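Here's a quick tour to go with the model on your screen.

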Amino acid sequence: MTFVKTHDIADLNSGLVGKDVVLCGWIEDLRKMGKMTFITLRDVTGISQIIVKGELNENLGEINRQSVASVSGTLQETKARDFDFEVKAQKIEILGKAVHPLPVDPIGRLESNIDTRLNHRALDMRNQKTASIFKMRHHVLQILRQTLAEKKFIEITTPKIIGSASEGGANLFSLEYFGKTAYLAQSPQLYKEQMTIGLERVFEISNFYRAENSHTGRHLTEFTSVDIEAAFMDYDDVMDVLESLVIKVYESVAQNCKKEQETIGHTVNIPKAPFERITYSKCIEELQEAGQKVEIGDDLLDSHLRIIGERHPGFYFLTDWPIKLKPFYIREKDEDATLSRSFDLQYGYLELSSGGMRLHNPEMIKSRLGEQGLDPAQFADHLKAFDWGMPPHSGWGMGLDRLMTTLIGIDNVREVVLYPRDPDRLGP
């Protein structure tokens, strides 16, 4: 077996007409018409028509659709409506045979449910709608990194195997680690705070883990989080960073992923700035007006957020939550210690991000840990960094997978994750 791919299909152009090319891809369709065979060959960049004539056609034999092939031939003009050029084949070599029938139709003519598609995810990636989602995700990751770097944030990578609970021990996966108990990190929170001592502004885009037995279209046990932490910023400042980042992602995808939007069948509409900022107390008022039995200090349930989301469609911030509803590291408001300098970024009812200003006084952190029933001794490694000149700092974490669902207009986060993990799915 010998092959040398000379061009991606998307790179074929009029300057190559009359020249020999070697294309490699998957046979999407094949039509034998007398002394000719028409093959459509697809690679990750596009699709091309292959014309097979003469002796090569006579000796073509049986070829299964979706088999991977190398096609050597001459590029020529075409009268076909759906193609700019075609290749007159001189040699066709099957590099890998596809069985028939396949468990999932990659062309999408026969629809499969999401569980069947996930069970055959690699094959599902040949479906152009699925492929377009992950091309867009790739673009989003590029824009996130580029934009944060332009804002002078430094990318870090924190441990995912940790020796103690980072946020109080809730929803942690535990594992045996050489005779000790270890945990899978549910966030980079404590590490990214510590990094502000020397790097000031840091970010991480990585997978984290939450042992949450939720069966919804927005929860996963393994998820990708975008996190920042910034010294000398208040929670208003990092809200501005988050808002500008989301708008930049939408602008870039709208402009640079037009083909993918067309394939998915969804147009990306750029949100207007500034995002609305609604206080927690205002939310309670609106819920009470809607007939909900809820009081100041109550957490907001999914049913509550759906009501608020109907009144405030699109992106908006929920700010100034009660301090008792927030983690131990969140700082209170100076004018009212019962409220916190915190926020959630919402898209309708969907929570995308949570953040705020952090406590940077170690004695206040120890006091807050005690109030929440946590042992300060378990956080000794973290607390000692606060004696080394810890600056005031703020940050947030945002679910990349949830952000992707808003971009492509779907409500199931499993569609935007290659191999999702949830309470029922541990494979493939």
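What percentage of the 428 residues in the protein do buried residues make up? They make up 50%, where buried means under 20% relative accessible area, exposed over 50% and partly exposed in between, using a 1.4 Å probe and protein chains only. Keep in mind that this is a predicted model, in which local features need pLDDT of at least 70 and side-chain atom pairs count only at pLDDT 80 or more, while totals for chains, interfaces and linings use all residues. Residues are numbered from 1 along each chain as its sequence is written, and side-chain values use heavy atoms, with hydrogens and water left out.

**Overall layout**

- The protein has 12 helices and 18 strands; these are DSSP runs numbered from the N terminus, with helices being H or I of at least four residues and strands being E of at least two.
- Along its principal axes, the C-alpha trace spans about 85 × 55 × 40 Å.
- Gln128 sits in helix H4 and is partly exposed, at a relative accessible area of 23%.

**Aromatic pairs**

- Searching the whole structure turns up nine aromatic pairs. Rings of Phe, Tyr and Trp (its six-membered ring) pair if their centres lie within 6.5 Å; planes under 30 degrees apart count as stacked, over 60 as edge-to-face and the rest as tilted.
- One of them is Tyr250 with Phe315, an edge-to-face pair at 5.5 Å centre to centre with 90° between the planes. Tyr250 belongs to helix H6 (residues 235–256) and Phe315 to strand S13 (residues 315–319), so this pair ties together parts that are 65 residues apart in sequence. Both Tyr250 and Phe315 are buried.
- Another is Phe275 with Phe317, which is tilted: 6.1 Å centre to centre, 40° between the planes. Phe275 is in the loop between helix H7 (258–264) and strand S12 (276–279), and Phe317 is in strand S13, so here the pair ties together parts that are 42 residues apart in sequence.
- Phe275 is buried at 4% relative accessible area, and Phe317 is buried at 0%.

**Charges over rings**

- Lys326 has its charged end over the ring of Trp321, 4.9 Å from the centre. The cut-off here is NZ of Lys or CZ of Arg within 6 Å of the ring centre and within 35 degrees of the ring normal.
- Arg201 lies over the face of Phe153, 5.9 Å from the ring centre.

**Helix H10**

- Within helix H10 (residues 362–371), Pro362, Ile365, Arg368 and Leu369 are buried.
- Looking down the axis of H10, the buried residues fall within an arc of 120° (taken from the directions from the helix axis to the C-beta atoms), so they line one face of the helix.
- Glu363 and Glu371, on the other side of H10, are exposed.

- Most residues other than glycine have a negative phi, and most peptide bonds are trans.
- The peptide bond from Ala273 to Pro274 is cis, with omega near -5°; Pro274 is in the loop between H7 and S12.
- A cis peptide bond also runs from Gly427 to Pro428, with omega near 0°, and Pro428 is in the segment after helix H12 (400–408).
- Phe178 isn't a glycine, yet it has a positive phi of about 50°. You'll find Phe178 in the loop between strand S8 (174–177) and strand S9 (180–184), where it is exposed at 73% relative accessible area.
- Glu200 has a positive phi too, near 65°. Glu200 is in the loop between helix H5 (189–195) and strand S10 (201–209), and it counts as partly exposed at 39% relative accessibility.
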